[in-house]
Amino acid sequence: MLSWLANRTTPLSHIVQEFNQSAAPGGAVRAADCPFLVIDLELTGLNAKQDHIVSVGWVPVRQYEVVLNDARHYLVHSPVGVGQSAIYHGLHDKDFTGARDLTEVLTELLQAYAGYVFVAHHCQLDLRFLEVACQRIFGKAAKFSFIDTLNIELYRLHKQGIVMKQDALRLHHCLTRHKLPQSGQHHALADAYSCALLLLSQLKHSHPDITLADLQLQSR
Amino acid sequence: MEVAEVSNFLAETTPFDQLDAGQLTSLASNISVYYCQNGETVQLSTERLMIVRTGIFALYSDQQTLLTKLEQGDFYGYQLLLTGLNDNDNLVCEEDGLVYWLAADAFHQLRYQYKNIDIFFQRLFSRRLHQYKDQQQNSRFTLKVSDIVQARKIAIGAAQSVQQAAALMTQKRVSSLLVEQDEKLIGIITDRDLRSRVLAAGLAADTPVQQVMTAKPHTIDKHAYLFEAVQLMSRHNVHHLPVLDKQQSYSMLTATDIIRSQQDHPVYLIGEIHRQMSVDGLEHCASQISSLAITMGKQQVPAHEAGHIITTITDALTQRLIALAQIELGPPPCVFSWLAFGSQGRMDQSLNADQDNALLLEKEPVAEIGVYFAALADFVCQGLARCGIILCPGNIMASNSALRLSLKGWSGQFAKWVSTPTPEALLKSSIFFDLRVIEGSRGLFNALQQDILAKTSDNPLFLYHLAQTTLQRSAPLSFLRNFILEHDGKQKKGLDLKKRGISLITDIVRVYALSAGISEINTRQRLVQLANAGVLDNKDTQNLSDAFDVLAQLRWDKHQHDLIQGHDVSNLLDPNVLSGLQRHQLKDSLTVINDAQSSLKQRFCRDL
């Protein structure tokens, strides 16, 4: 898990290069055969150019099983104080002893999860922050393949002809709808785990042979 | 890195609840989480432990018989992990849910590190074997030797004198001794031996025990069935059997022990009750009810039969107290009926029932008639209280002058409840509609009952209000079919099997019975008659009857458990102590109640 340490001599941009070179599964691959990494970021704000990543949580899903052994949660050193955003994620400046540099965290992510399909609930935000961070740190844009449980849920509900109330697509409402256990919200790993459960339920309620391409279509 | 939701769940799940936070985190990290869909067969591809997080799973044997249902906190796969053998059973998901898979290495390490966790899974495994074998076996004659004799080894050395033997018997107040040599049983000596072989034969007081004892006595193992012991005694015409535990002396079983063990048979106890000449004597008889209950439990007497037996004993106590009162007060000045209401009336009394009784008199309770029956009622109610049937907190007792009425008085009282029903009045009075005569004139009682039924049947306003009262309480099942637990005064959490279960069925059935003019008052009997009369269809009555039996059985088992533990008998049950199948049956029963309440509402609360 700390393999990035051994490879410290490689130029930083190579990390992104290697990540981009590992082929993400093709669209024809069955979702059941596809490795997923469910990720969640806690942020100081919504603007990827100005705001910062406060914490990162992820957990992989392989063969439709959430593998808790590989679950990770890191607090990230922020160049500025967390300030007002603490009201959402509950993390205050004093909590950041033991935090990591974003470089370390992203290096581990890119090296361990090349070839994975990334998953998030409302993924555009997470994707944008990850892209900006990679560009800044490694000088090169990483190409992530993302699917979005929020959009999949929207697709499902549309298909069932269900009229949605406001907020119906928020993660904890989705969990209730799928009769899944609720976790504490705005904790990066707890949210990533909840999102992973939601993904499993969505996959199980789809056609057994659903492909990655289908999921990507539903995620748009 | 821990996912709090997972470690929190583990922290509340037996046997992991004994681990500290750090241990739970490392346990959680060895788990993979899987979503299982209705109809899916759980694949036990590799050796690992399955922990049910949510959903319902049905376990079938290789012959496809349903063994049990697994729910939140239940385990599967431990049999393979513990024995390396596959049972060829089949686990099928019945309701979508999440399962945790715990890796085999982590499971074995946990067992190795924590003896208690190891023992927990070993027990689970042996209980499972047990489930396979005698799931349906109903053995009533399973009382064992160890159930009636205690570990009480009173032994004397073979070389000691007969005088020492006599002294030991006197000191320990026993009629026989085990004779041992080098820690081995070699014989027994009884007080009869001392009489016939020592005194009558004129032997000296210092004669060694060995010389007069019965050598090589017949023995019985502590785990043998009691009927085997009886057989052995009668075949060899002996009255004493040394009891062995793993070939070592354990205790002595005497013919008297066996007779005493049968004394708490209800027939015997009821006979005894009718022979008593004082309230003290009755109190002593009543003190045997709890040991009778334990015996009935061991003999697997079903709950409804046990309820019937306990009611019969209460009836006997009441009848005897009335007889004793008449000895003290003289013959009654007029004809009367002693009435029982509520559970005694319905013949489904439990161990913690209170008194609900009243007097129906031939004449108005004025002057000396009033004085006489006041004294009689007081005598009986106080006597019952001494026998452990507590005074009614709501004062529904014959000792309350408002409940000592003539036929006219009672008829007027019922007329008031029936013609101007108010919810509060009905809540209090509904038990009066389950009435039975315990002692005195049956004719007088029949006149009253016919009068009541004539008033209630085809009386939509009354039935509407009675049904409304019934609907005020609901079964403790949440929207997602989880149990709703409540606290009792002692802050114990649980589900009140009586208030939120049995009583609800009793209430529902009462409304139907009164509407149809059915004179039967026992809930199960009422259901039979309702089906016969076509008031309810067969399926509904069967469901209600089954639900009633399940709840009554759970309560009876709970009372048994309380008695054995020496606790106060309570109706509050913690669903976590139930097996998967029992929990499932409980949920089904509560669902039946919910459905029956909706039908009741449909039928009686519509048109007004």
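Predicted model: local features only at pLDDT ≥ 70, side-chain atom pairs only at ≥ 80, totals over all residues.
Good morning. I begin at a contact between chains: A:Lys204 forms a salt bridge with B:Glu40, and their closest N and O atoms are 2.8 Å apart. Because A:Lys204 lies in helix α8 (residues 188–204) of chain A and B:Glu40 lies in the loop between β1 (31–36) and β2 (48–52) of chain B, this pair joins two chains. Both A:Lys204 and B:Glu40 are buried.

In the next one, B:Arg583 forms a salt bridge with B:Asp74, with 3.0 Å between the closest N and O atoms. This pair links distant parts of the chain, 509 residues apart: B:Arg583 sits in helix α25 (residues 580–604) of chain B, and B:Asp74 in the loop between β4 (66–70) and β5 (75–76) of chain B. Both partners, B:Arg583 and B:Asp74, are buried.

The other is formed by B:Asp434 and B:Arg346, whose closest N and O atoms are 2.8 Å apart. B:Asp434 is found in the loop between α19 (423–429) and β18 (436–440) of chain B, and B:Arg346 in helix α16 (residues 342–346) of chain B, so the pair ties together parts that are 88 residues apart in sequence. B:Asp434 and B:Arg346 are both buried. They also belong to a network: salt bridges that share partners join B:Arg346, B:Asp348, B:Asp434, B:Arg473, B:Asp507, B:Arg510 and B:Arg526.

B:Arg526 is among the residues that line the largest cavity. How many cavities of 30 Å³ or more does the structure hold? There are four, and the largest contains about 70 Å³ of space. Its lining is made by B:Phe433, B:Leu435, B:Gln449, B:Ile452, B:Leu453, B:Ala513, B:Leu514, B:Ile518, B:Ser519, B:Glu520, B:Ile521 and B:Arg526. Two helices of chain B, α20 (442–456) and α22 (498–515), each supply at least two residues of this lining. Which element gives the most to the lining of the largest cavity? That is α20(B), with three residues.

To place these elements along the chain, I turn to the domains. Chain B is divided into domain 1 (4–133), domain 2 (145–259), domain 3 (266–452) and domain 4 (468–604). The C-alpha centres of domain 1 and domain 3 of chain B lie 51 Å apart.

Now a single helix, α4 (residues 104–113) of chain B. Its buried residues are B:Ala104, B:Ala106, B:Phe107, B:Leu110 and B:Arg111. These residues cover an arc of only 165 degrees around the axis, and therefore lie on the same side of α4(B). In general, an α-helix has 3.6 residues a turn, so residues three or four places apart point the same way. The face of α4(B) turned away from the buried side carries B:Asp105 and B:Tyr112, which are exposed.

On cysteines, I can be brief. The structure holds zero disulfides over all chains. B:Cys381 is buried, with a relative accessible area of 1%. B:Cys387 is likewise in no disulfide, and the nearest cysteine sulfur, that of B:Cys285, is 8.1 Å away. B:Cys387 counts as buried at 7% relative accessibility.

I close with the backbone. A cis peptide bond joins B:Thr14 and B:Pro15, with omega at about 5 degrees. B:Pro15 is placed in the loop between α1 (4–11) and α2 (21–28) of chain B.

Two residues call for a comment on phi. B:Asn237 has a positive phi of about 50 degrees although it is not a glycine. B:Asn237 is in the loop between α10 (226–236) and β13 (240–245) of chain B. Is this residue, B:Asn237, buried or exposed? B:Asn237 is exposed, with a relative accessible area of 62%. B:Lys246, which is not a glycine, has a positive phi of about 50 degrees. B:Lys246 lies in the loop between β13 and β14 (248–254) of chain B, and counts as exposed at 70% relative accessibility.

Thank you for your attention.

Conventions
Residues numbered from 1 in each chain as written. Chains lettered and ligands numbered in written order. Heavy atoms only, no water. Helix = DSSP H or I, 4+ residues; strand = E, 2+ residues; numbered from the N terminus. Buried < 20%, exposed > 50% of the residue type's maximum accessible area, 1.4 Å probe, protein only. Salt bridge = Lys/Arg side-chain N within 4 Å of Asp/Glu carboxyl O. Arc of directions from axis to C-beta. Disulfide = S-S within 2.5 Å. Domains from an automatic or database assignment. 1 Å grid on protein atoms, 1.4 Å probe; cavity = no way out; pocket = protein on both sides within 12 Å on 5 of 7 lines; lining within 4 Å. Points joined across faces, edges and corners; volume = space filled by probe spheres on them.
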